[in-house]
Amino acid sequence: MTITREDFQIRAREFLEANAAPRSQPPVGWTERELVAECRRFHQALADAELGGITYPVEYGGLGLDKGYLEVFNRELSQFQAPLVPAAISHGMCLPVLNDFGTPEQRDRHQSRVIRCDEIWCQMFSEPGAGSDVASLATRAIRDGDQWVLNGQKVWTSGAQYCEYGLCVARTDPAQPKHRGLSMFIVDLSLPGVDIRPLRQISGSSHFNEVYLSDVRVGHDCLVGGEGNGWNVAVAMLMYERVAIGAGGSGAMSQAMGSAKLIKEARKRGRDRDPVVRDSIADLYIRERIQTFIGMRIRQAAASGKAPGPEGSIAKLNTAILSRRASDAAIELAGPAGQAWDAAAGDAAEWASAVISAPAMAIAGGTNEVQRNIIGERVLGLPKEPDPFKGQPWEEVPRS
Ligand SMILES: Cc1cc2nc3c(=O)[nH]c(=O)nc-3n(C[C@H](O)[C@H](O)[C@H](O)COP(=O)(O)OP(=O)(O)OC[C@H]3O[C@@H](n4cnc5c(N)ncnc54)[C@H](O)[C@@H]3O)c2cc1C
């Protein structure tokens, strides 16, 4: 596609004005079902307007443009509210992995459908006994002719309740050390043997699920990145995840409850002269700016063709810390309304829900401690964490 960045920006702006609400408007209180439908509609319209899949190849449903165009689009998007959350994992993590590791047939079959949200994908990594140490996972995949048979349990699978497919990492060779002998599969979630059970959260919603796999048969053509290469594919996906959480703007929490919003709230409550309130909002503002600069640095590196690296962990860690601080400052201002609210109390429910959700940022996509370990090893050059079972076959390592 040949289009100048200026024309592309105009096209993006016109599309967003017609299809999304300005950021200054109060958010629409959609139910999950409505939000998912809106998300699909938005991405289909985006693709029809030749604005979807900006950096992906034309033959797989993208526009084949460089990452500078993506920056232009994201800058425009930051002025609007769009129903993107249900496809955040699908677009932020699964799509780039499919693009990097998928076979031409897999990309032909799925890529443009994922771009358009005709299919939404989820990430099936964590298990009850394997979260931070995801390489120790126990879900098995055994070859049977030209099929693989999957058995095991995944947990915390965000969005599985409305997704069509999941990228599932499973153990194909237990005689290998834990990081080897893993493979990545595309799993159709409507297959017999897939049982999705919602988990109820503190907020009352059910954002994630347990997914049980009982004799689920997938074709050999569902293997992504080759047999035994699952850890490399998983690491790439985790890198994309950290960048998506940490560098996708100034962070989800700061949009919901950023310093600008807290200043308004402090004025409304007559507390804008309170030195403690002023101090906490000023601290938040400084950290938001730092987060913006970290994000810009990462996105510029990506735009120049650099693969995501450990800087994604810095961004992700900072986002989690920022969310927590925003939440603490908000609860201090909101008082009891940050925990219990009445339906008529304006945006109190939105506040309370943002406060309740803040701790999740320190866990999702790898906990703060895990990000600190990565930064220690890969940025500061500190010694690796000792592993007494390093190099030992997975099946011989004791597990609880
Ligand atoms: C909102 C949300 C959405 C999620 N969505 C998904 C999803 O879509 N798909 C998916 O597969 N998973 C998902 N997860 C799961 C997430 O990746 C895991 O919860 C996370 O990796 C931590 O694993 P765990 O819960 O098993 O905790 P554990 O690994 O058991 O950790 C428990 C505690 O021990 C600490 N710890 C563990 N190892 C170390 C270490 N080596 N050094 C120092 N401290 C350590 C941890 O920091 C933590 O405090 C989601 C989680 C959340 C909160």
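Of the 17 residues around the ligand in this predicted model, Ser132, Trp156, Ser158, Thr367 and Glu369 come nearest, a residue being counted as near if one of its heavy atoms lies within 4 Å. Local features need pLDDT of at least 70 and side-chain atom pairs count only at pLDDT 80 or more, whereas totals for chains, interfaces and linings use all residues. Residues are numbered from 1 along each chain as its sequence is written, and side-chain values use heavy atoms, with hydrogens and water left out.

Polar contacts (pairs of N or O atoms within 3.5 Å) include one between a ligand oxygen and the side chain of Thr367 at 2.6 Å. A backbone N or O atom of Phe125 is placed 3.0 Å from an oxygen atom of the ligand, and a side-chain N or O atom of Glu385 lies 3.0 Å from a ligand nitrogen. The ligand taken alone exposes 990 Å², of which the protein buries 67% (Shrake-Rupley method, 1.4 Å probe).

Two or more residues of the shell are given by each of strand S5 (147-158) and helix H12 (368-379), these elements being DSSP runs (helices H or I, at least four residues; strands E, at least two) numbered from the N terminus. The largest share, three residues, comes from S5.

Technical notes: Polar contact = N/O pair within 3.5 Å; in protein donor to acceptor, adjacent residues only side chain to side chain.
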